[in-house]
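Welcome to my notebook. I opened this structure and jotted down what I looked up, one topic at a time.

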Amino acid sequence: MGVVMGELRGTHVPVLLERCLELLDPALRLPGAVHVDFTLGLGGHAEAVLERYPDVVLIGLDRDTEALTHSRHRLARFGERAQLVHAVYDELPRVLDELDLAEFHSGLFDLGVSSLQLDEADRGFAYAQDAPLDMRMDQTSGFTAEQVVNEYEPGALVRILRQYGEEKFAQRIVSSIVRERQRGRITSTARLSELVKESIPAAARRTGGNPAKRTFQALRIEVNGELATLEAAVPAALDALAPKGRLVVMSYQSLEDRIVKRALAARSRSTGPVDLPVELPGTGPTLRLLTRGSEPPSEQEVAANPRAASVKLRAVERLDHQATPGAARERPRMTTTHGGQGRLRPGEREEGEGKA
Ligand SMILES: C[S@@+](CC[C@H](N)C(=O)[O-])C[C@H]1O[C@@H](n2cnc3c(N)ncnc32)[C@H](O)[C@@H]1O
């Protein structure tokens with residue numbers, strides 16, 4: 001099934017659009033600002049940036065060719081200002097290189113699945129619709145959920161369901177999958193959903209929504225290598241973020257958010273010796289946290305846009321050390337601050353550590 005141009009336009013509300021723009025605004029106003037949308041999707045956030053900041057150039061990345069086709073159509077009126085590239089988001093250094101750019105000023109990760117991927121039944125992401133078990137975000141390469149379900153060792157499947165789906169009935173579900181695949185290959189989302197439902201205790205079936213949700217999330221993460229890619233992508237993005245540049249990341253589940261939190265926290269505190277009153281060159285924080293922990297959506301936002309319900313937003317600004325090159329700077333007195341300009345002392349918890 002292909003994308004019918006324009007059909008999805010307006011049916012998708014970009015998550016926390018106004019909050020994202022408010023946070024990115026100072027960076028979008030920098031001279032010659034380049035904005036990178038790492039997860040272009042249907043181009044909702046990107047379109048708003050291009051409309052409201054007429055001097056900004058957009059680089060839009062997506063690994064999904066259907067999303068790119070749709071966004072190309074939607075953003076065509078911006079001409080050369082919209083550079084859309086088929087890429088996995090950890091490939092930013094290559095993309096910048098090819099566009100002859102050394103850095104970018106404003107960036108957005110809106111992680112997870114797009115409404116296009118969920119709505120197009122044949123992509124196999126939705127447990128509520130019957131479709132081939134695919135789940136690849138990039139339909140041009142990689143292995144499918146069908147291969148994972150039918151060909152992985154049972155032990156590996158249990159680990160995936162536990163780690164990526166936080167599924168406590170992983171063992172029971174995998175036993176059913178193994179029994180079923182001895183009879184024949186499991187090829188459809190509906191069959192897999194049924195198997196999951198049959199495997200879990202009746203009491204658990206009555207609570208907590210569709211029981212297949214966690215298994216589908218786990219398979220999607222495995223098929224797309226989502227966590228490893230994100231782990232590489234955030235540091236790569238921060239390396240290329242210009243001084244005074246800003247980055248916003250929206251995650252929709254705790255595994256992603258943990259990766260983001262750690263990557264941002266690592267650069268928002270000193271790495272120098274704890275007892276020195278001054279910062280040694282190269283050991284100071286390079287980021288300022290703009291959000292306290294992860295920001296949840298407002299009730300209003302969730303009412304207007306149910307997809308926002310689980311969002312966790314984090315934002316940072318790249319510090320500008322150009323003003324005092326090489327000089328030892330006095331350390332902030334606070335050990336940890338809202339602004340993140342401190343360092344953790346042994347035994348202190350990372351900002352937001354322990355939160356879902
Ligand atoms: C939630 S949607 C983005 C929606 C977008 N902000 C909008 O306003 O339409 C996430 C998009 O990120 C893409 N994506 C997910 N992981 C990716 C990765 N590792 N590299 C590039 N794109 C990725 C998906 O294909 C999907 O289109």
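**The ligand.** I started here and found 20 residues around the ligand, the closest being Thr39, Gly41, Leu42, Gly44 and Asp64. A residue is near a molecule when its C-beta atom, placed from the backbone, lies within 6 Å of it. I noted that α2 (44-52) and β2 (57-62) are the elements giving two or more residues to this shell. Helices (H or I, at least four residues) and strands (E, at least two) are DSSP runs, numbered from the N terminus. By type, I read seven nonpolar, nine polar and four charged residues in the shell; Gly counts as polar here, and Asp, Glu, Lys and Arg as charged.

**How to read the model.** This is a predicted model, where local features need pLDDT of at least 70, side-chain atom pairs count only at pLDDT 80 or more, and totals for chains, interfaces and linings use all residues. Residues are numbered from 1 along each chain as its sequence is written.

**Confidence.** I looked up pLDDT, the predictor's confidence in each residue, from 0 to 100. The protein averages 87, and 87% of the residues score at least 70. I marked residues 1-11 and residues 332-356, where pLDDT stays under 50.

**Strand β5.** Next I turned to residues 241-251, and eight of the eleven are buried, meaning that 20 or more other C-beta atoms lie within 10 Å of a residue's own. I saw β5 pair with β4 (residues 104-110) in the parallel sense over six bridges; pairing takes at least two DSSP bridges. Arg246 in β5 is the bridge partner of Ser106. With β8 (residues 312-318), β5 pairs in the antiparallel sense, over six bridges, and I found Ser251 opposite Lys312 in β8.

Key:
A residue is buried if 20 or more other C-beta atoms lie within 10 Å of its own, exposed if 12 or fewer, and partly exposed in between; C-beta atoms are placed from the backbone. Two residues are in contact if their C-beta atoms, placed from the backbone, lie within 7 Å.
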